[in-house]
Amino acid sequence: MSYALLFISIVLINNFVLAKFLGLCPFIGVSRRRPEAMGMGYAVIFVMAMASAVTWAAYFYLLAPTKANVFYRIMGEGRTPADFDFTYLQTIVFILVIATLVQLVEMFLMKMVPALYKSLGIYLPLITTNCAVLGVALLNIKDFSRLSPAESFFRTVLQGLGGGVGFLLVLFLMSGIRERLDRAEVPPALKGVPIAFICAALMALAFMGFLGLVK
Amino acid sequence: MIQQFPKTLIVGPGPHISGADSTSSIMWSVVIALVPAFIFSMANFGWYAGAVTITAVVSAVATEWAIQRMRKVSVTITDGSAAVTGLLLAFTLPPGVPLYVAALGSVFSIAVAKHAFGGLGMNIWNPALAGRAFISAAYSSALFMPKWPVLSSIFSGDIRTLDAVTMATPCAILQSDPAAIFQHYRLWDLFIGRIPGSIGETSALALLIGAAFLMVRKIIDWRLPVAYILTVALLVILFPVRAADGTIAGFWQASFWADPVFVLERSLAHALSGGLVMGAFFMATDMVTSPITKKGQAMFGAGCGVLVAVIRVYGGYPEGVCYSILLMNTVVWAIDNMTKPKFFGERAHA
């Protein structure tokens, strides 16, 4: 699969929100107004790409049973790389790495780029616990860990970037729809979050049209 | 608290010119415009197609009645809008579909895609197409037919042997082996509708008669459907395709134009096959879910056309009309924002 197709696939076909149903809390939570939605979308693109790169490094150098594993290099005398297979720790390691990364990024931005920090606001810390970010990290390992290191790293970052772009796209569309829904006479029982979920479901139905676009 | 304006008070910018059109006159005109296609569907597929259509219409109207009673709003089943939804939904279904599937699709269309948003005029997505997409997601086995039936004997004039024959749909052939389309179907058959397909979509002729009626009555505008169909016809020529041997073929090669008549005829076959004519004239033009301005409607049509061409040429489905319109419904708000009319003397925003 070429890089362009990989990107299209993760943005439109295997969209994190509409096809994998990940990251629904920020999707519903901040799709009320367009400027906020855009801010959240940009923050997710940034964090997903960064998290993909960092978790790739953590997996490749700390967890995976390869010759590049740091523990194997230090303590590997008389042992095989298979003795240093820590992949069962990947979920908890990734959560820790992502949370730490987001906090670091937040502190860095607060100090160095206050304007961007202000515009991202509350959304940056919120992403710490965004399942789409953990999802993309785990998916990268599942999809690309068998490729050569350079290839796998490049595809990992591309998939992280594409996941964020897809998230921004549906968040943007959703925010416009919800602004329009403010003027609709939605039944009281469905106002707010319920109608947002119904919108998400119908959007997911519409996005099914892209199925099979990338073989 | 919802502020209720008295119905007789019209709030809006002037000038106020009052027309004779009402919701019910428009909706019943659409029903009349769909009658030729309904009659043709019975001739093409037999009485069961009519049973599917009537089931869908009845269940749409019944759902509308039940929900409006539950919401304690005035019951408006006589305005024909639910009947139109049911008709259009049935027309997108294959003729052999089980009746309960058609009924459930209508329930979804009216209950979820229309009344969850507040009823007529409030929905974001076309209810009939949302129902169709729901059916293809939830009951795909009821829709899946490699070969579609058609009662060809009626046309051959031999009514003694009324056996159905089955064939692959034109859209499926156009996707798998576009060069062979005219070995299976003649262009004239595609226009008349003597082809397999969904209940109401096969006859471009019957649909165009209805569409002409609606255009004369100024209920639909020509820009949207024309932009839609032209975009599809043009893009199926322009899109490069990968041949079986892995090479990429396209319009820039001399060999592509070796038979220019065939290229044009194939593009015309794309325009006439599948649900394109029905989708362009009757579904994309839905007043609620299409853009307000004429310019916006043309953009909407062109966008639908691009999506149909992409799905038909590269996608996983042989047909993309339903999804293309649903996807463009999703961005109608953006089109409306872009094509907002300016006040006299107003300059473009930065």
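Colleague: Which residue forms a salt bridge with B:Glu319?

Modeller: This is a predicted model, so local features need pLDDT of at least 70 and side-chain atom pairs count only at pLDDT 80 or more, while totals for chains, interfaces and linings use all residues. Residues are numbered from 1 along each chain as its sequence is written, chains are lettered from A and ligands numbered from 1 in the order in which they are written, and side-chain values use heavy atoms, with hydrogens and water left out. A salt bridge here is a side-chain nitrogen of Lys or Arg within 4 Å of a carboxyl oxygen of Asp or Glu. With closest N and O atoms 2.8 Å apart, the partner of B:Glu319 is B:Arg312.

Colleague: Is B:Arg312 buried or exposed?

Modeller: Buried means under 20% relative accessible area, exposed over 50%, and partly exposed in between (1.4 Å probe, protein chains only). B:Glu319, at 21%, is partly exposed. B:Arg312 has a relative accessible area of 2%, so B:Arg312 is buried.

Colleague: Which residues does B:His270 contact, beyond its neighbours within four places in sequence?

Modeller: B:His270 sits in helix α13 of chain B; helices (H or I, at least four residues) and strands (E, at least two) are DSSP runs, numbered from the N terminus. B:His270 counts as buried because its relative accessibility is 6%. Contact means heavy atoms within 4.5 Å. Its partners are B:Leu174, B:Val236, B:Leu276 and B:Arg312.

Colleague: What distance does helix α13 of chain B reach from its first C-alpha to its last?

Modeller: Helix α13 covers residues 260-272 of chain B, 13 residues. The expected span is 1.5 Å times one less than the number of residues. That gives an expected 18 Å, and the reach of α13(B) is close to it, at 18 Å.

Colleague: Which residues of α13(B) are buried?

Modeller: An α-helix has 3.6 residues a turn, so residues three or four places apart point the same way. After α13(B) comes B:Gly274, with a positive phi near 70°. The buried residues of the helix are B:Val263, B:Arg266, B:Ser267, B:Ala269, B:His270, B:Ala271 and B:Leu272.

Colleague: What area do chain A and chain B bury between them?

Modeller: The size of an interface is often given as the accessible area lost when the parts come together. Here, buried area is the accessible area (1.4 Å probe) that two parts lose on being put together, summed over both. The contact takes 28 residues from chain A and 31 residues from chain B. Carbon and sulfur atoms account for 75% of the buried area, which is about 2500 Å².

Colleague: How many helices and strands does chain A have?

Modeller: Chain A fills a box of roughly 75 × 45 × 30 Å, taken over C-alpha atoms along the principal axes. Buried residues make up 49% of its 215 residues. The chain has ten helices and zero strands.
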